[in-house]
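The sequence and the structure are shown first, and the description comes after them.

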Amino acid sequence: MDYDLKITGGTLVDGTGAAPRRADVAVRDGVIVAVGDCPGDAARTLDATGSLVTPGFVDVHCHYDGQVSWDPTLAPSAMHGVTTCVIGNCGVGFAPVRERDRARLIALMEGVEDIPGAALAEGIRWQWESFPQYMDSIAATPRAIDVLAQVPHDALRVFVMGERAVAGSVATDDDIAQMRALVREALLAGAAGFSTGRTDNHRSPNGDQTPRRRPTRASSRASRGRSRASRTGCCKP
Ligand SMILES: [Zn+2]
């Protein structure tokens, strides 16, 4: 057998900027080994007549933070050609989280991203508290596409400061030290980075500002701490 997979009859858009063209694609051992006519046998052949054949898309801004716990396909992104999605955007997400704050983070996600809180409350299979545990829970499920997770500022702030984060209190030096340590721990566990949001349009369902939007010196100081954490070399883009 010459190939493991051959995709035939499609219109190839190869991502280089070249004009679309009619071409077959052959794969062996997970690597594209031929493009064009691809003579030879394949263990599996896909007829792509009438379809575009493209490299996978990387979706750098999506919000599967909850769905990732119950949907191994991550629909509909997978159906649109996405092969890697980045979650934890805009400062909202679900790790780290204490059990008492789950509903609070769901409400923030609903307010900021318009994802129905009822669907999240019904669907999320909480199997984590820390960010590394969240990473482990994602890794434990085989899925159709790859996932990169960022540490969301709101979840981090609520985890460390609780009610004070929601009330807009200034983070203490101890709060900042804890946030730095948690970001470092997450990066070492494989987090892709840290996210926050700076738009006034991001609100909780009752119209309040999100925890990260409070203009406190803590935010910038925590961000500097995150920068120092990434300079340790534990965060490789
Ligand atoms: Zn977003």
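## Overall make-up

The model is predicted. Its secondary structure consists of seven helices and 11 strands. The protein has 237 residues, and buried residues make up 32% of them.

## The four-stranded sheet

Four strands form an open sheet in the order S5-S4-S1-S6, and the pairing is mixed. The edges are taken by strand S5 (31-36) and strand S6 (42-47); each has a single partner strand, so one side of each is left without a neighbour in the sheet. From one strand to the next, the twist averages 20°.

Strand S1 (residues 3-8) pairs with strand S4 (residues 24-28) in the antiparallel sense, over three bridges. Within this pairing, Leu-5 has Val-27 of S4 as its bridge partner, and Lys-6 has Ala-26 of S4. S4 is also paired with S5, again in the antiparallel sense, over five bridges. Here the bridge partner of Val-25 is Val-35 in S5. S4 and S5 form a hairpin with two residues between the strands, and in this hairpin Asp-29 adopts a positive phi near 50°.

## The three-stranded sheet

A further open sheet contains three strands in the order S3-S2-S7, with mixed pairing. Strand S3 (21-22) and strand S7 (52-53) are its edge strands, and each pairs on one side only. Strand S2 (residues 11-12) runs in the parallel sense to S7, and the two are joined over two bridges. In one of these pairs, Thr-11 has Leu-52 in S7 as its bridge partner.

The loop between S7 and strand S8 (57-59) contains Thr-54. Is this residue buried, exposed or partly exposed? Thr-54 has 15 C-beta neighbours inside 10 Å and therefore counts as partly exposed; a residue with 20 or more would be buried, and one with 12 or fewer would be exposed.

Leaving aside residues up to four places away in sequence, Thr-54 touches Val-13, Gly-15 and Gly-81. Pro-20 lies 34 residues from Thr-54 along the chain, and the C-alpha atoms of the two are separated by 9.7 Å.

## Helix H3

Helix H3 spans residues 131-139, and its buried residues include Phe-131, Tyr-134 and Ile-138. These three cover an arc of only 55° around the axis, which means that they lie on the same side of H3. Strand S10 (146-152) and helix H6 (173-188) are among the elements that cover the buried residues of H3.

## Helix H4 and its surroundings

Helix H4 (residues 153-161) is mostly covered, with nine of its nine residues buried. The buried residues are His-153, Asp-154, Ala-155, Leu-156, Arg-157, Val-158, Phe-159, Val-160 and Met-161. They pack against helix H1 (102-113), S10, helix H5 (163-166), H6 and strand S11 (193-195). Gly-162 follows H4 and has a positive phi, near 55°.

## The packing of H4 and H6

How are H4 and H6 placed relative to each other? Their axes are 10 Å apart, and the helices pack at an angle of about 130°. This angle makes H4 oblique to H6, because an angle has to be over 145 degrees to count as roughly antiparallel, and 65 to 115 degrees to count as roughly perpendicular. The crossing of the two helices is right-handed.

On the H4 side, the residues that take part in the contact are Leu-156, Val-160 and Met-161. On the H6 side, they meet Asp-175, Gln-178, Met-179, Leu-182 and Val-183. Leu-156, Val-160 and Met-161 are also among the buried residues of H4.

Key. Residues numbered from 1 in each chain as written. Predicted model: local features only at pLDDT ≥ 70, side-chain atom pairs only at ≥ 80, totals over all residues. Pairing = 2+ DSSP bridges. Axes fitted to C-alpha atoms, helices over the stretch in contact; angles between N-to-C directions. Arc of directions from axis to C-beta. Contact = placed C-beta atoms within 7 Å. Parallel < 35°, antiparallel > 145°, perpendicular 65-115°, else oblique. Left-handed = near helix turned anticlockwise from the far one by under 90°.
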